[in-house]
Amino acid sequence: MLRTAEITAELTVPLRGEVFHNLHWQKKLDLSLDCFICKRTGRTTHLRYGEECAVCSGSRRVEHPAAGRVAAFDERERTALRAVVDYWWAPFHDTKRDEPAAALTRAPWVRLHLGYRCPESQQAEAFSIQSNMVRPVSQTCTHCAHPLAISAQSPNIRLMS
(Lines give C-alpha, C1' and ligand atoms only; values in the text may rest on other atoms or scores of the structure.)
Protein backbone atom coordinates (compact mmCIF):
# COMPACT_ATOMS: atom_id res chain seq x y z
CA MET A 1 0.00 0.00 0.00
CA LEU A 2 1.23 3.46 -0.84
CA ARG A 3 1.28 5.69 2.25
CA THR A 4 1.87 9.43 2.46
CA ALA A 5 3.12 11.33 5.48
CA GLU A 6 3.29 15.10 5.85
CA ILE A 7 6.02 16.64 7.99
CA THR A 8 5.80 20.26 9.07
CA ALA A 9 8.16 22.33 11.17
CA GLU A 10 8.63 25.95 12.08
CA LEU A 11 11.57 27.80 13.60
CA THR A 12 11.93 31.21 15.16
CA VAL A 13 14.94 33.12 13.91
CA PRO A 14 16.14 35.67 16.47
CA LEU A 15 17.23 39.03 15.11
CA ARG A 16 20.59 40.31 16.27
CA GLY A 17 22.31 42.93 14.20
CA GLU A 18 22.92 42.58 10.49
CA VAL A 19 24.75 39.27 10.60
CA PHE A 20 23.25 36.99 7.92
CA HIS A 21 24.03 33.28 8.15
CA ASN A 22 21.87 32.13 5.21
CA LEU A 23 20.07 29.56 7.35
CA HIS A 24 18.31 27.03 5.10
CA TRP A 25 16.61 23.64 5.25
CA GLN A 26 18.70 20.89 3.68
CA LYS A 27 16.67 18.68 1.39
CA LYS A 28 17.10 15.52 3.40
CA LEU A 29 15.42 14.02 6.43
CA ASP A 30 15.42 10.91 8.58
CA LEU A 31 12.09 9.35 9.49
CA SER A 32 11.24 6.33 11.63
CA LEU A 33 9.24 3.83 9.62
CA ASP A 34 8.33 0.17 9.84
CA CYS A 35 10.20 -1.58 7.00
CA PHE A 36 8.50 -4.51 5.27
CA ILE A 37 11.75 -5.36 3.46
CA CYS A 38 13.81 -6.23 6.56
CA LYS A 39 10.60 -6.85 8.56
CA ARG A 40 11.62 -4.57 11.43
CA THR A 41 9.64 -1.84 13.16
CA GLY A 42 10.95 1.62 14.02
CA ARG A 43 13.76 1.71 11.46
CA THR A 44 15.56 4.97 10.74
CA THR A 45 14.89 5.70 7.09
CA HIS A 46 17.12 8.25 5.30
CA LEU A 47 15.39 10.26 2.57
CA ARG A 48 16.74 12.89 0.18
CA TYR A 49 14.64 15.08 -2.08
CA GLY A 50 15.18 14.04 -5.70
CA GLU A 51 16.34 10.51 -4.91
CA GLU A 52 14.30 7.64 -6.33
CA CYS A 53 14.40 5.56 -3.16
CA ALA A 54 15.13 5.86 0.53
CA VAL A 55 17.68 3.93 2.60
CA CYS A 56 16.62 1.88 5.63
CA SER A 57 19.13 1.58 8.48
CA GLY A 58 18.32 -2.13 8.44
CA SER A 59 19.30 -4.75 10.95
CA ARG A 60 22.81 -5.20 12.29
CA ARG A 61 23.89 -1.91 10.71
CA VAL A 62 23.41 -3.24 7.19
CA GLU A 63 21.57 -0.58 5.20
CA HIS A 64 19.35 -1.45 2.26
CA PRO A 65 17.18 0.42 -0.26
CA ALA A 66 13.68 1.21 0.96
CA ALA A 67 10.56 1.97 -1.04
CA GLY A 68 10.16 5.65 -0.16
CA ARG A 69 10.88 9.14 -1.46
CA VAL A 70 10.38 12.79 -0.62
CA ALA A 71 7.53 13.81 -2.92
CA ALA A 72 7.49 17.50 -1.94
CA PHE A 73 9.81 19.81 -0.05
CA ASP A 74 8.52 23.34 0.47
CA GLU A 75 10.43 26.00 2.41
CA ARG A 76 8.39 28.98 3.51
CA GLU A 77 10.38 32.13 4.28
CA ARG A 78 13.32 30.00 5.51
CA THR A 79 11.65 29.39 8.88
CA ALA A 80 8.87 26.95 7.97
CA LEU A 81 9.04 23.63 6.20
CA ARG A 82 6.51 21.23 4.71
CA ALA A 83 7.76 17.91 3.38
CA VAL A 84 5.66 15.10 1.94
CA VAL A 85 7.02 11.56 2.02
CA ASP A 86 5.55 8.72 -0.06
CA TYR A 87 6.48 5.18 0.95
CA TRP A 88 5.27 1.66 0.40
CA TRP A 89 4.06 -0.26 3.42
CA ALA A 90 2.80 -3.80 3.88
CA PRO A 91 1.70 -5.56 7.07
CA PHE A 92 4.21 -7.86 8.78
CA HIS A 93 5.18 -9.04 12.24
CA ASP A 94 8.53 -7.99 13.75
CA THR A 95 9.69 -11.25 15.35
CA LYS A 96 12.54 -9.61 17.29
CA ARG A 97 10.23 -7.14 19.05
CA ASP A 98 7.18 -9.42 18.84
CA GLU A 99 4.91 -6.68 17.52
CA PRO A 100 2.93 -6.02 14.35
CA ALA A 101 3.94 -3.27 11.97
CA ALA A 102 1.97 -0.04 11.70
CA ALA A 103 1.46 2.25 8.71
CA LEU A 104 3.22 5.00 10.67
CA THR A 105 5.44 3.38 13.28
CA ARG A 106 4.18 3.35 16.89
CA ALA A 107 6.40 6.20 18.11
CA PRO A 108 7.23 8.18 14.95
CA TRP A 109 10.03 10.72 14.96
CA VAL A 110 11.72 12.83 12.32
CA ARG A 111 15.15 14.48 12.06
CA LEU A 112 15.35 17.59 9.88
CA HIS A 113 18.65 19.00 8.67
CA LEU A 114 19.59 22.66 8.30
CA GLY A 115 22.65 24.38 6.94
CA TYR A 116 24.18 27.82 7.26
CA ARG A 117 27.32 29.79 6.40
CA CYS A 118 29.09 31.89 8.99
CA PRO A 119 29.95 35.29 7.47
CA GLU A 120 32.88 35.79 9.87
CA SER A 121 34.67 32.46 9.34
CA GLN A 122 33.34 31.86 5.80
CA GLN A 123 32.65 28.26 6.86
CA ALA A 124 29.58 26.22 5.99
CA GLU A 125 28.07 24.24 8.86
CA ALA A 126 25.01 22.11 9.52
CA PHE A 127 22.84 20.97 12.41
CA SER A 128 19.62 19.03 12.85
CA ILE A 129 16.48 19.13 14.93
CA GLN A 130 14.42 16.09 15.93
CA SER A 131 10.83 15.74 16.92
CA ASN A 132 11.82 13.81 20.07
CA MET A 133 13.98 16.59 21.59
CA VAL A 134 12.97 18.50 24.71
CA ARG A 135 11.72 21.94 23.65
CA PRO A 136 12.64 24.70 23.27
CA VAL A 137 15.88 23.93 21.41
CA SER A 138 18.23 26.79 20.53
CA GLN A 139 21.02 26.66 17.98
CA THR A 140 23.95 29.06 17.69
CA CYS A 141 26.73 29.37 15.14
CA THR A 142 29.68 27.16 16.05
CA HIS A 143 32.12 29.89 14.95
CA CYS A 144 30.75 33.24 16.16
CA ALA A 145 28.04 32.16 18.66
CA HIS A 146 25.40 34.17 16.77
CA PRO A 147 21.89 32.82 17.59
CA LEU A 148 20.54 31.01 14.53
CA ALA A 149 17.20 29.45 15.38
CA ILE A 150 14.85 28.35 18.12
CA SER A 151 12.67 25.27 17.75
CA ALA A 152 9.83 25.93 20.20
CA GLN A 153 7.47 23.24 18.92
CA SER A 154 8.22 19.74 17.79
CA PRO A 155 7.99 19.00 14.06
CA ASN A 156 4.64 17.45 13.27
CA ILE A 157 4.23 14.10 11.47
CA ARG A 158 0.81 13.33 10.01
CA LEU A 159 -0.22 10.22 8.10
CA MET A 160 -2.27 11.46 5.16
CA SER A 161 -3.14 8.16 3.47
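Because the model is predicted, local features require pLDDT of at least 70 and side-chain atom pairs count only at pLDDT 80 or more, while totals for chains, interfaces and linings use all residues. Residues are numbered from 1 along each chain as its sequence is written, and side-chain values use heavy atoms, with hydrogens and water left out.

The secondary structure of the protein chain comprises zero helices and 14 strands. Both kinds of element are DSSP runs numbered from the N terminus: helices are H or I runs of at least four residues, and strands are E runs of at least two. The C-alpha trace spans about 55 × 30 × 30 Å along its principal axes. Of the 161 residues, 43% count as buried; buried means under 20% relative accessible area, exposed means over 50%, and partly exposed lies in between, with a 1.4 Å probe and protein chains only. Among contacts with a separation of 6 or more, 55% come from residues 24 or more positions apart, where a contact means heavy atoms within 4.5 Å.

Strand β7 (residues 80-88) is largely enclosed by the rest of the structure, because seven of its nine residues are buried. Strand β1 (residues 2-10) pairs with β7 in the antiparallel sense over nine bridges, and in this pairing A9 stands opposite L81. Strand β6 (residues 68-76) also pairs with β7 in the antiparallel sense, over eight bridges, with F73 opposite A83. Two strands are taken to pair if DSSP finds at least two bridges between them.

Attention now turns to D34, which is found in strand β2 (residues 24-35). D34 is buried yet has no salt bridge, and the nearest side chain of opposite charge, R97, is 6.2 Å away. Here Lys and Arg count as positive and Asp and Glu as negative, with His and the chain ends not counted; a salt bridge is a side-chain nitrogen of Lys or Arg within 4 Å of a carboxyl oxygen of Asp or Glu. The side chain of D34 instead reaches backbone nitrogens: that of A102 at 2.7 Å, and that of G42, which lies 2.8 Å from a polar atom of the D34 side chain. Not counting residues up to four places away in sequence, D34 touches R40, T41, G42, W89, F92, A101, A102 and T105.

Aromatic rings of Phe, Tyr and Trp (its six-membered ring) pair if their centres lie within 6.5 Å; planes under 30 degrees apart count as stacked, over 60 as edge-to-face and the rest as tilted. By this rule there are two aromatic pairs. The rings of Y49 and F73 have centres 6.3 Å apart and planes at 40 degrees, so this pair is tilted. Y49 lies in the loop between β3 (40-48) and β4 (54-56) and F73 in strand β6, so the pair ties together parts that are 24 residues apart in sequence. Y49 counts as partly exposed at 39% relative accessibility, whereas F73 counts as buried at 8%. Y116 and F127 form a tilted pair, 6.1 Å centre to centre with 55 degrees between the planes. Y116 lies in strand β10 (residues 110-117) and F127 in strand β11 (residues 124-130), and this pair links parts of the chain 11 residues apart. Y116 is buried, with a relative accessible area of 2%, and F127 is buried, with a relative accessible area of 10%.

Key: Polar contact = N/O pair within 3.5 Å; in protein donor to acceptor, adjacent residues only side chain to side chain.
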